[in-house]
Amino acid sequence: MDALLSQVAAAPQQPQKKRRVEHAVNMGTDPFQTIAARLHAIRQWMRDNNKMEGNIEIEAKLGLIVNNDYEGRTGPFTPGAGIVEILAADMQKRKFVSGVEKKDFEACHRVLGASGGKAEKSNRKDYKYGSGGRKQVDEATGEVVMENKTKSLESQFHLPACPYDCRISVSIEKDMTPEEVKALAEIEGEWESCRHKHRTSYTGTRLPKNMVSDWQADMTHVETTVAGSNAEPDHTYEVELELSAAAVKKWFGCAEGDVAAKETSRVAWDLWERIEQLMPREQTASSLVEIKSPEYDELAR
């Protein structure tokens, strides 16, 4: 990237008329309010579309929203900025790359270790098949879980004042039917990829106001092997927050109106507290400017 910028800077410049150009900096919107609004929309969509069966997994993962044209993070670092939600149409030229650098992974471990609660380690191998089937094997107990996981919703959030962005996703996990288990057994050795997960899960993290978080923090060192490849496993470091099953049930089961709105706000506040705990926003003395309908590409100016 630096070499490319150097080449551009060294290229002969055409004489141009001097003109004054002013660009507004998109400072985004208030993070808590934006996340709360999206969670409200997610809950409503799930209820309206009868997506309430199976194990509903709601997770927020750290990573980077990358521009496909130059493989760099979208938007400049902007101290004091809030959050910018990138809608599906604007993600066509971008992608979310999950994971953090190893040093940041270790820093998150230290923060979580000092935040109260309980830490539990696990080691699993997660095999994925072309049929969409998934088999997980617990290395300590030998327990095998076979399930189908369908991703229903995804929301991407750029955090210009933080080192990483965030993706909130909703997936539905269902146990395989006996017929599906039998079919998978017939292709036992034909998996497409294997993710060896070395995970530490933190639960019961303390929050302000003497509250306990409903979001479990999963810190996972993943070694990914692709079937048929002689390459060394790919090592990635994943940081994700998953809403507990009990909290999902309580939130989705709330009566409509003020009760549901209050619970949505609580879940959103809890999530944003956890994200800020892991990567505090770089602040400035200026107040956050809210732009209700931002043109996202303003960030790149």
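**Helix packing and a buried threonine in a predicted model**

The protein has 6 helices and 13 strands, helices being DSSP runs of H or I with at least four residues and strands runs of E with at least two, numbered from the N terminus. This is a predicted model, in which local features need pLDDT of at least 70 and side-chain atom pairs count only at pLDDT 80 or more, while totals for chains, interfaces and linings use all residues. Residues are numbered from 1 along each chain as its sequence is written, and side-chain values use heavy atoms, with hydrogens and water left out.

Colleague: How are helix 2 and helix 6 oriented to each other?

Modeller: The axes of helix 2 (residues 31-48) and helix 6 (residues 258-278), lines fitted to C-alpha atoms over the stretch in contact, come within 9 Å and cross at roughly 130°. Angles run from 0 to 180 degrees between N-to-C directions, and those under 35 degrees count as roughly parallel, over 145 as roughly antiparallel, 65 to 115 as roughly perpendicular and the rest as oblique. The two helices are therefore oblique.

Colleague: Is T205 buried or exposed?

Modeller: T205 lies in the loop between strand 9 (193-203) and strand 10 (206-207). Buried means under 20% relative accessible area, exposed over 50% and partly exposed in between, with a 1.4 Å probe and protein chains only. Because its relative accessible area is 0%, T205 is buried.

Colleague: Which residue's side chain makes a polar contact with the side chain of T205?

Modeller: A polar contact is a pair of N or O atoms within 3.5 Å, where, within protein, one must be able to donate a hydrogen and the other to accept it, and residues adjacent in sequence count only if both atoms are side-chain atoms. At 3.4 Å, the partner of the T205 side chain is R274.
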